[in-house]
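Good morning, and thank you for coming. Today I shall walk through one structure, and I ask you to keep it in view while I speak.

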Amino acid sequence: MEIGEGLMMLGKYIGAGLAMGIGAIGPGIGEGRIGASAMEAMARQPEMIGTLTTRMILADAIAETTGIYSLVIAFMILLVV
Amino acid sequence: MKISLTKPDKIFLGTVFAGYISVMIYMLVTGYKFQLEGVGQRWIYQLPFGEGPMSRINPLTVIMTWVIMALIIFISTRVKVFKIIPGRKQSLLEVAMEYVYDLVEDSVSKKEFVRPIFNIAASIFLFVLLSNIVGSFPGINAIPTDGGGFKITILSDTWYAPTSDLNMNLMLAGFVFVMSHAFSIKAKGFKSWAKSFFEPAWPMFPMNVIGEIAKPVSHSLRLFGNIMGGGILILIIGYLAKYFIVPAALWGIFGLFFGAIQALIFTILTIAYISSLID
């Protein structure tokens with residue numbers, strides 16, 4: 001293997017790892033805040049747990065969108081280019 | 001909750017499970033090595049004419065789209081006669097459709113648009129839900145080989161989900177985009193629709209256009225990333241467990257649970273995009 005090819009693979013793997021790792025920070029914080037607020041609301045009004053759980057999962061799935069974008073970018077770095 | 005199955009259902013489910021288990025035993029006995037190949041690769045067919053963006057098709061997407069449409073038509077023929085006292089299949093469908101109808105009714109303020117928006121949202125929900133669920137079970141898939149041909153793999157990959165192809169998702173999101181503006185023109189008239197791009201003042205025109213174009217992009221990429229990422233995760237973790245059939249919990253989490261939630265979110269965003277332009 002030539003050194004240029006090796007450097008390219010190095011860049012690909014490090015880049016994909018960084019893209020996924022840094023991109024997961026934001027959704028993690030966001031989902032944590034959603035979960036915390038939902039727990040507070042459930043503790044205050046236990047009779048609404050069913051509705052709150054559904055809404056919480058929906059909000060989680062929307063908050064993880066940016067993480068999914070970085071997953072797509074990481075796959076593109078690894079598989080397409 | 002108690003689930004009671006009728007005899008034909010039991011026979012059908014038993015046959016499916018027996019098929020999967022017998023293939024698994026066959027794989028164990030013959031020492032079949034599950035190889036990780038073709039991850040994220042698609043079988044692409046080059047049409048004989050021309051070079052360019054429209055000259056290549058993805059045959060599995062076309063085939064599986066037709067299979068899922070046939071599945072939906074089959075389901076709809078099974079519960080054609082709606083009874084006052086619903087059976088099991090009918091009540092399942094009624095619960096799903098009623099949930100979507102309530103979502104539409106809550107978010108759309110003009111009464112005459114509830115029914116058409118419900119038709120669009122329910123069709124998209126059924127299609128996306130079925131294709132996500134299909135993509136979570138082991139089945140038949142095709143991966144490209146080096147010589148430009150393809151190789152059919154049986155039970156070493158999931159069924160090909162059409163929603164794991166960005167072209168399908170972009171088509172659905174573009175359809176929603178066009179329909180939302182058509183509804184907007186119908187509801188508000190052409191003049192006030194055109195004027196809505198210059199709100200609150202005329203220098204905001206480029207921002208409004210970019211904001212509208214960003215909607216279908218994020219709408220389609222969200223579904224695509226979830227389904228394709230889930231499929232690749234199932235494949236890689238199945239490879240770590242050496243046999244693909246064994247980690248069945250993964251199908252449940254990444255396929256059924258995330259697939260159903262993503263189908264619901266795609267539908268909710270469809271309703272939100274259309275209803276935000278009507279008001």
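This is a predicted model: local features need pLDDT of at least 70, side-chain atom pairs count only at pLDDT 80 or more; totals for chains, interfaces and linings use all residues.

Let us begin with chain A. Which elements does chain A contain? There are four helices and zero strands, and from the N terminus on the order of elements is α-α-α-α. As for its overall form, the C-alpha trace of chain A spans about 65 × 15 × 15 Å along its principal axes. The radius of gyration of chain A is 19 Å, whereas a compact globule of 81 residues would have one near 12 Å.

Next, the annotations. An unreviewed UniProt entry places a "transmembrane region" at residues 13-36 and 57-80 of chain A. How does the model look over these two stretches? Residues 13-36 of chain A are 96% helix and 0% strand, with their end C-alpha atoms 34 Å apart. Residues 57-80 of chain A are likewise 96% helix and 0% strand, and here the end C-alpha atoms lie 32 Å apart.

The unreviewed UniProt record also gives the feature "domain: V-ATPase proteolipid subunit C-like" at residues 14-77 of chain A. Over residues 14-77 the chain is 91% helix and 0% strand, and the end C-alpha atoms are 10 Å apart.

We now turn to how helices pack. Two packed helices are described by the angle between their axes and by the distance between those axes. In chain A, helix α1, residues 3-23, packs with helix α4, residues 65-80, at an angle of about 175°, and their axes are 8 Å apart. Angles over 145 degrees count as roughly antiparallel, and α1(A) and α4(A) are therefore roughly antiparallel to each other.

Which residues meet there? From α1(A) come A:Lys12, A:Gly15, A:Ala16, A:Ala19, A:Met20 and A:Gly23, and among their partners in α4(A) are A:Gly67, A:Ser70, A:Ala74 and A:Leu78. By class, the residues of this contact of α1(A) with α4(A) comprise eight nonpolar, five polar and one charged.

How many residues does each chain bring to the contact between chains? Chain B supplies twelve residues and chain A supplies eleven residues. On the side of chain B that touches chain A, the elements giving two or more residues are α7 (205-240) and α8 (248-278) of chain B. Of these, α7(B) gives the most, with six residues. That side of chain B divides into five nonpolar, six polar and one charged.

Within chain B, α7(B) also packs with helix α5, residues 166-188; the two axes come within 8 Å and cross at roughly 145°. The crossing of α5(B) and α7(B) is right-handed. Residues making this contact include B:Leu170, B:Ala173 and B:Phe177 of α5(B), together with B:Pro216, B:His219 and B:Leu223 of α7(B). The contact of α5(B) with α7(B) has nine nonpolar, four polar and one charged residues.

The last pair is helix α2, residues 59-78, and helix α4, residues 114-134, both of chain B. Their axes come within 10 Å and cross at roughly 115°. This crossing of α2(B) and α4(B) is also right-handed. Here B:Ile68, B:Leu71 and B:Ile72 of α2(B) meet B:Leu126, B:Phe127, B:Leu130, B:Ser131 and B:Val134 of α4(B). The classes in this contact of α2(B) with α4(B) are seven nonpolar, one polar and no charged residues.

That concludes my presentation. Thank you for your attention.

Definitions and conventions:
Residues are numbered from 1 along each chain as its sequence is written. Chains are lettered from A and ligands numbered from 1 in the order in which they are written. Axes are lines fitted to C-alpha atoms, for helices over the stretch in contact, and angles run from 0 to 180 degrees between N-to-C directions. Angles under 35 degrees count as roughly parallel, over 145 as roughly antiparallel, 65 to 115 as roughly perpendicular and the rest as oblique. Two residues are in contact if their C-beta atoms, placed from the backbone, lie within 7 Å. Ala, Val, Leu, Ile, Met, Phe, Trp, Tyr, Cys and Pro count as nonpolar, Asp, Glu, Lys and Arg as charged, and the others, Gly among them, as polar. UniProt positions are given in the numbering used here, feature names are shortened, and annotations may be inferred rather than shown by experiment. A crossing is left-handed if the near helix is turned anticlockwise from the far one by less than a right angle, and right-handed if clockwise. The radius of gyration is taken over C-alpha atoms; the globule rule is 2.2 Å times the number of residues to the power 0.38.
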